[in-house]
Amino acid sequence: MRLLAILSQLIVGTSLLPGRYLPLSVRGKNLIIDTDLFSDVDDAGALLLAATSPTVNLLAVNVNHPSSYSVLAASAILRHYGRGDVPIGARRPLNNVTFFDAWSYSLGEFASKVAYHYPGGSLPWGRAEDARDPIRLYRKCLSEAQDGSITIASIGFFENLSGLLNSTADDYSDLTGYELVAAKVAELVVMGGDYPSGYEFNFFGDNPQRTQHVVNTWPGRITFSGYSMGLNVSSGGRLMSDGPSSDPVRSAYLWYTYNVPRFSWDPLTLLYAMHGLDDIFEYANEYGYNQVHANGSNTWIFDEGSSDQHWLKLVMSREHAEELLDTLYLEGAAYGLTQSKVEHPDL
């Protein structure tokens, strides 16, 4: 998708998803998503984009928050868009904790509601413990892939990825975690941090030492989608107002934001993970690397000897990025199941 083509399609109203039913063998991007899907609804928007993209071969979804509702919600969303076959891994031990907005007292809980009202997929209601071990799921997917063919999108915490790096040889591969990542992963795309320096929740909110381990020692290419970029782009409004009542991500946004468009950290990250720069983004730096500190803050080190890490900035205007995301949400939602329907009479 080139920028002019995107804008012309938005203007004339033609589909951005003309090849949604392409066979997996001709989809171009082998993608694994590592998501928290708990304290912010933008993870749900990101899953919608990936599950309905005609160019993505979604290999797995690993959940890095320990709530059972996060795992079940991921299964429900994937099933709704015809991707109930995608394996789901879950961080252990699982719990039954639900989100409560003790920061601003303005945001609602959505994961348990999506899991309950849209149950199904590989992990139906009450079956979260059937989720796979996320480290073994990573090792299975990577060992079966061609060298340099996998993109991992990290839109949450780093427990699973740290575990992957620490893993040792097993029945899937004789390689260590570091060796497997170096051989099989083309790029790690991370929503986290702020640039050129900052203090952002995905880096400090769970275990900053895991963040340090992954970001500071990853053996390959990393691209970062920072806090400020996603903060400036809001999306989901049209999905809430115009989307089908049967759609779980529409319901998630309504339950979480009460009809207010939400910041787009994770959806923008997935756009890059799926399509690359593609006249939507550009790299904000020529060289250097990201350094995460013990408290989860980060600083960009401008080292001319390092060129395999970048952070993103938008080339599109904020308004066009918002319109693009909203259009993709609506087009993806149009292909979902229709039998489920949840009323939101007070919203």
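Predicted model: local features only at pLDDT ≥ 70, side-chain atom pairs only at ≥ 80, totals over all residues.
Let me start with strand E4, residues 150–155, which is mostly covered, with 6 of its 6 residues buried. As a general point, the side chains in a regular strand alternate between the two faces of the sheet.

What does E4 pair with? On the one hand, 6 bridges join E4 to E1, and these two strands run parallel, with Ile33 standing opposite Ala153 of E4. On the other hand, E4 pairs with strand E5, residues 185–191, again in the parallel sense, over 5 bridges, and here Thr151 stands opposite Glu187 of E5.

Staying with strand E1, which covers residues 29–35, I would like to pick out Leu31, which lies within it. Is Leu31 buried or exposed? Its relative accessibility is 0%, and because the cut-off for buried is under 20%, Leu31 counts as buried. If we leave aside its neighbours within four places in sequence, Leu31 is in contact with a list of residues that includes Thr151 and Ala153, as well as Ala50, Val56, Leu58, Leu270 and Met274. Leu31 also lies 9.9 Å from Cys141, C-alpha to C-alpha, although 110 residues separate the two in sequence.

Turning to the helices, H2, residues 42–52, packs with H12, residues 248–257, at an angle of about 165°, and their axes are 9 Å apart. Angles over 145 degrees count as roughly antiparallel, and H2 and H12 are therefore roughly antiparallel to each other. Their crossing is left-handed. The contact is made by Asp42, Ala44, Gly45 and Leu48 from H2, together with Val249, Ala252 and Tyr253 from H12, and these residues divide into 5 nonpolar, 1 polar and 1 charged.

Finally, there is an open sheet of 3 strands in the order E6-E12-E11, where the pairing is antiparallel. Which strands form its edges? They are E6, at 197–199, and E11, at 289–292, each of which pairs on one side only. The twist from one strand to the next averages 20°. E11 is joined by 4 bridges to strand E12, residues 297–301, and the two run antiparallel, while Val292 has Asn298 in E12 as its bridge partner.

Technical notes
Residues numbered from 1 in each chain as written. Heavy atoms only, no water. Axes fitted to C-alpha atoms, helices over the stretch in contact; angles between N-to-C directions. Parallel < 35°, antiparallel > 145°, perpendicular 65-115°, else oblique. Left-handed = near helix turned anticlockwise from the far one by under 90°. Contact = heavy atoms within 4.5 Å. Nonpolar A, V, L, I, M, F, W, Y, C, P; charged D, E, K, R; others polar. Pairing = 2+ DSSP bridges. Buried < 20%, exposed > 50% of the residue type's maximum accessible area, 1.4 Å probe, protein only.
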